[in-house]
Amino acid sequence: MTILDDPAFLASDLRRALVERPFGYIDVGARGGAKAWCAPIAPLAAALLFEPDRSCLADLENSLKAGGWAQAVVEPLGLGRHSGPAVLNLYAHGVNHSLYPANPAFCDRYAVASLADAGTATVDLATLDEVLFDRRKSEPHWGEFLKLDAQGAELDILAGATRTLAERTVAVVAECSFLDIYEGQPRFSALEPFLAERGFTFYGFEGLQGWSCKFLDKRTARGRER
């Protein structure tokens with residue numbers, strides 16, 4: 001059961017407002033499909049997905065068609081601080097493709113086979129502000145909720161979205177790291193103050209992932225290696 005099954009909500013002014021102007025969900029780094037956070041209200045929400053790897057665009061578009069969204073669009077773009085061509089580093093597992101090169105020390109230390117080098121590709125970058133306030137200026141609903149999973153480029157994306165953050169966004173869910181999986185990537189310690197300076201309050205972690213080479217015997221040692 002979802003909120004859309006609630007007779008009181010269906011008769012509410014909020015529902016009528018969302019019919020006229022759907023909730024604007026943006027998913028950056030959408031390989032594998034839109035996250036499920038907005039699925040319960042998909043018929044009243046618009047999903048704008050960004051994914052620079054064109055090899056997975058057909059699958060993305062098919063997943064959106066099955067999602068029941070009020071509006072669904074896939075932009076074959078990467079997002080960043082500036083617009084223009086950029087080099088996308090490709091790795092053995094597609095979800096790890098990044099604008100940042102993998103950190104050899106990290107890959108060696110944790111034996112990360114999914115970050116094995118698979119070459120590079122040239123992709124188009126834009127700023128989120130450019131997309132929303134120029135290319136899609138006739139669609140003012142986009143940007144209320146931002147989900148960012150860009151393999152180290154989350155702060156760059158936010159730096160190119162300052163107007164969006166100031167005028168539209170009420171919540172941000174962003175992947176972050178406490179160690180250098182990619183060379184030069186900003187860590188959580190840079191991401192949180194950037195958002196705090198713009199009026200956002202850190203709420204919590206949706207999930208945590210540790211890294212281990214299983215050097216610790218869990219029968220005798222508490223916790224994780226990292």
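This is a predicted model: local features need pLDDT of at least 70, side-chain atom pairs count only at pLDDT 80 or more; totals for chains, interfaces and linings use all residues.
Let me begin with helix 3, which lies across strand 2 and strand 3 and runs at about 170° to strand 3, where axes are lines fitted to C-alpha atoms, for helices over the stretch in contact, and angles run from 0 to 180 degrees between N-to-C directions. Helix 5 (residues 128–135) also packs on the sheet, where it touches strand 1, strand 2, strand 3 and strand 7, and its direction makes about 130° with that of strand 2. Residues are numbered from 1 along each chain as its sequence is written, and side-chain values use heavy atoms, with hydrogens and water left out.

As for the chain as a whole, it has 8 helices and 8 strands, taken as DSSP runs (H or I of at least four residues for helices, E of at least two for strands) and numbered from the N terminus. Of its 226 residues, 43% count as buried, buried meaning under 20% relative accessible area, exposed over 50%, and partly exposed in between, with a 1.4 Å probe and protein chains only. Residues 24 or more positions apart account for 69% of the contacts with a separation of 6 or more, a contact being heavy atoms within 4.5 Å.

Which order do its strands take? The sheet is open, with 5 strands in the order 3-2-1-7-8, and the pairing is parallel; two strands pair if DSSP finds at least two bridges between them. Strand 3 and strand 8 (171–174) stand at the edges with a single partner strand each, so one side of each is left without a neighbour in the sheet. Neighbouring strands of this sheet are turned by 10° against each other on average, direction ignored. Strand 1 (residues 23–28) pairs with strand 2 in the parallel sense over 6 bridges, and isoleucine 26 stands opposite leucine 48 in strand 2.

Returning to helix 3 (residues 57–65), we find that Leu57, Leu60 and Leu64 are buried. These three cover an arc of only 60° around the axis, which puts them on the same side of helix 3, the arc being that of the directions from the helix axis to the C-beta atoms. The buried residues of helix 3 pack against strand 2 (45–50) and strand 3 (71–75), whereas the face turned away from the buried side carries the exposed residues Asp59 and Lys65.

Two single residues deserve a look.

Threonine 120, in strand 6 (residues 117–126), counts as exposed at 55% relative accessibility. Leaving aside its neighbours within four places in sequence, threonine 120 is in contact with Val87, Leu88, Asn89 and Leu90.
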